[in-house]
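The paragraphs below go through ring pairs and charges over rings.

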Amino acid sequence: MASMLLNTMRSCSVSPSWTARFGVRSLSTTTQLQALAQTKSKKTLARPGVKNIVLVEGVRTPFLLSGTTYADLMPHDLARAALQGLLNKTSVPKDAVDYIIYGTVIQEVKTSNVAREAALGAGFSDKIPAHTVTMACISSNQAMTTGVGMIAAGQCDAVVAGGVEFMSDVPIRHSRKMRKTMLSLNKAKTVGQKLGLIGSIRLAHLSPELPAVAEFSTAETMGHSADRLAAAFGVTRVEQDEFALRSHTLAKKAQDSGLLEDVISFKVPGRDIVSKDNGIRPSSMEQMGKLKAAFVKPHGTVTAANSSFLTDGASAVLIMSEEKALAMGYKPKAYLRDFVYVSQDPKDQLLLGPTYASPKALERAGLSMSDIDVFEFHEAFAGQIMANLKAMDSDWFAQTYMGRKSKVGTPPMEKFNLWGGSLSLGHPFGATGCRLVTTVAHRLKAEGGQYGLVAACAAGGQGHAMVIEAYPH
């Protein structure tokens, strides 16, 4: 597939310098976007007989580079902080929530059901059930949509969903041979048996086993896959660096303008109060150009500067039926509408989830790309975003791989990730989905739009997309 894409995508209509052009336009105020949105008369996506489900509030801890201020904590500490922040912001009674769901990727073995431990720590009633889900980078998306399903089915009226990831301290295991020996030692009954097992230990047994950074099914790292994908779609190093610079520049402007209102302050035990993300670092094309390839060496195009970084952080959202929210006196932020999950070839299409998921979500909602006012796509790598945009703009790709008659269409960059993205804000694997949804709700209000689209890729060749509708104000 890669060689076919390389030859075909080089002629894609998206030009190499589009990020530079649109990067400037994206820095303008929201006045033009409000005017554009208000010229349209759009119908609501409410359906007769279908329960309206709303986002009441969304919060997150500051997203920090792993190994920094959160380094001495545990995952449930961050999740608890997000849940406490949600309680403080909504004043929801701690026993008014029916269920709590959290997403995470690399689990801490001591708190494998981190949703339950964090909920108890945050002071929620011990009568509220909680479970933890994992679906790679769309884990909190899965937590949210699981909650949506429970409300739609009439099982719950109010659900808290969220996600957490803690890369400062990941589980590192002994080698398998050492683990077997230690388990056998635990069962040994005589001194002779114990001495025999101890004597069987070799130096090689002491080699640690780190968490896998490669896809289990393909043995390829995601960064390596992103580099191959960028090459297949003819995405240049300059394009990737331009997009990464755009992300950091927009995130910095949003942060300085107070637009990132989902971020809560968090007093880290024994350390300072943290109140903002610390990975936002606008640079220059010259500085970024000095970095060497991170995965495909020496000629790859994916670098540390145009990739998302290892991040610690947690997020949480309060989801309710509209009826319940209004009865409790809340003014919802947005309606959570149609959503889909997709999966495809984990080798050559690992990161193309947004391309496959976006049209399906739009079709379920009866919308087209032109109806969407706000786009928030997860930025795993700049090359991944650019490859998806080029795939979405290709009739050939749509016909050859998606079984569609024509291309999906490309999101206009003047509506795309205008407050930065995972490249700059950070990407705690299990927590990003809630950030995306909450950001769409806030941007719809700020920009006067009605419909938003969230999309994300995930390990295993999976993806997610959801349509969000602004709540009338």
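A charge sits over a ring if NZ of Lys or CZ of Arg is within 6 Å of the ring centre and within 35 degrees of the ring normal. The charged end of R60 does this with the ring of F63, 4.4 Å from its centre. R337 has its charged end over the ring of Y335, at 4.1 Å from the centre.

The model is predicted: local features need pLDDT of at least 70 and side-chain atom pairs pLDDT 80 or more, while totals for chains, interfaces and linings use all residues. Residues are numbered from 1 along each chain as its sequence is written, and side-chain values use heavy atoms, leaving out hydrogens and water.

Rings can also meet each other. Rings of Phe, Tyr and Trp (its six-membered ring) pair if their centres lie within 6.5 Å; planes under 30 degrees apart count as stacked, over 60 as edge-to-face and the rest as tilted. This rule gives eleven aromatic pairs. In one of them, F295 and F381 have ring centres 6.3 Å apart and planes at 85°, so the pair is edge-to-face. F295 and F381 are 86 residues apart, and their pair links distant parts of the chain.

Buried means under 20% relative accessible area, exposed over 50%, and partly exposed in between (1.4 Å probe, protein chains only). F295, at 33%, is therefore partly exposed, whereas F381, at 7%, counts as buried.

F377 and F416 form an edge-to-face pair, 5.2 Å centre to centre with 65° between the planes. Both of these residues, F377 and F416, are buried. Finally, F233, Y356, W396, F397 and Y401 form one aromatic cluster.

Note on methods:
Helix = DSSP H or I, 4+ residues; strand = E, 2+ residues; numbered from the N terminus.
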